[in-house]
Amino acid sequence: MKVSMGARESGPGAARRAMLGATLGVAIILAGCSTKTVRPNELTRIAYGGAVGERRVWSVEQTLRGEISFGGLPELVVVKLKGTVTETVVEALPDGGRRLRQVWTVSPPEVNGMPMGGGVSATSIEAGLLRAPSGEVAPLEGQAAETDLLLWAARTFGGFFPLLPRERVAVGERWTRVETAPAAGGLEVQRTVNARLESIGGTEALISTDGSISLARADPGAPNEEFRLEGGGEVRFDLAGGAVLASTQDGTLRLKGRAGRTPVSARARFASKMTLRP
């Protein structure tokens, strides 16, 4: 994650705005159509899907609590963010993947109980994505740079759209996925995901997850010197529709770098929740 976020001003106020922008960037910044009921003890395919033209909308809530330091001056902050994720299936691919259109819409944040945004009602980021049945995503060719930020934030900070097993699994079975993927600002992050199929009820699966995300290559003294996220939670997944029904995640965030010429660091806890609307 690039802490500077393109800041050009100097001074504590500019550094604070730059760091807040980076934090919020991260925050917005993670199957077929059968109706068959799955028996709990049989091997089950868990995969993303959706019919062409299908449109889903999720409500999103995120809270970040911790200490952020600007130029060596620590400050306790609580950032609360609400928004929506709207996803439309554009095309079903021969390999079972989907071409998608995602729109993330975020209301102005609340920082230490005070609303921010200067009268702006909401901010939206739209991107075209390719998603494999097991959850890997990539931007469509020619997408703007903010698409990369969107992908990285969605796959890491929120943990909203987890990586799924490539093979069929039974209740109680675990899987681990490790990948190195592009991140905002031209960086690479290494992501480790551990998951377990906890239960199946009808066509709904309950999955527990934990893992970590960190920079693939540390660069002491660089604007992005350190980034590490550790956390986990639970995901309710619709086996028939191939979609996340709800996701709750929490964990810790550690960050160190620079905003312009000002050294910044953060140690915080986060909590994220996403729920599919009826």
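Partly exposed, as used in these legends, means a relative accessible area between the buried limit of under 20% and the exposed limit of over 50%. The model shown is predicted.

**View 1. Arg 228 and Glu 230 form a salt bridge through their side chains.** The N to O distance of this pair is 2.8 Å. Arg 228 has a relative accessible area of 26%, so it is classed as partly exposed. Glu 230 also falls in the partly exposed class, because its relative accessibility is 35%.

**View 2. A salt bridge joins the side chains of Glu 226 and Arg 254.** Here the N to O distance is 2.6 Å. Glu 226 belongs to strand S11 (residues 224-238) and Arg 254 to strand S12 (residues 243-259), so the contact ties together parts that are 28 residues apart in sequence. Both ends are partly exposed: Glu 226 has a relative accessibility of 26%, and Arg 254 has a relative accessible area of 28%.

**View 3. Asp 250 and Arg 269 meet in a salt bridge between side chains.** The N to O distance is 3.6 Å. Asp 250 sits in strand S12 and Arg 269 in strand S13 (residues 262-276), so this pair ties together parts that are 19 residues apart in sequence. The relative accessibility of Asp 250 is 39%, which means that this residue counts as partly exposed. Arg 269, with a relative accessible area of 47%, is partly exposed as well.

**View 4. Glu 136, Arg 166 and Arg 177 belong to one salt-bridge network.** The three residues are joined through salt bridges that share partners. For the model, the count of salt bridges comes to 11. Among them are the pairs Arg 228 with Glu 230, Glu 226 with Arg 254, and Asp 250 with Arg 269.

**View 5. Asn 112 has a positive phi although it is not a glycine.** The phi angle of Asn 112 is about 50°. Asn 112 is located in the loop that runs between strand S4 (110-111) and strand S5 (114-115). With a relative accessible area of 39%, Asn 112 is partly exposed.

Conventions. Residues are numbered from 1 along each chain as its sequence is written. This is a predicted model: local features need pLDDT of at least 70, side-chain atom pairs count only at pLDDT 80 or more; totals for chains, interfaces and linings use all residues. Side-chain values use heavy atoms; hydrogens and water are left out. Helices (H or I, at least four residues) and strands (E, at least two) are DSSP runs, numbered from the N terminus. Buried means under 20% relative accessible area, exposed over 50%, partly exposed in between (1.4 Å probe, protein chains only). A salt bridge is a side-chain nitrogen of Lys or Arg within 4 Å of a carboxyl oxygen of Asp or Glu.
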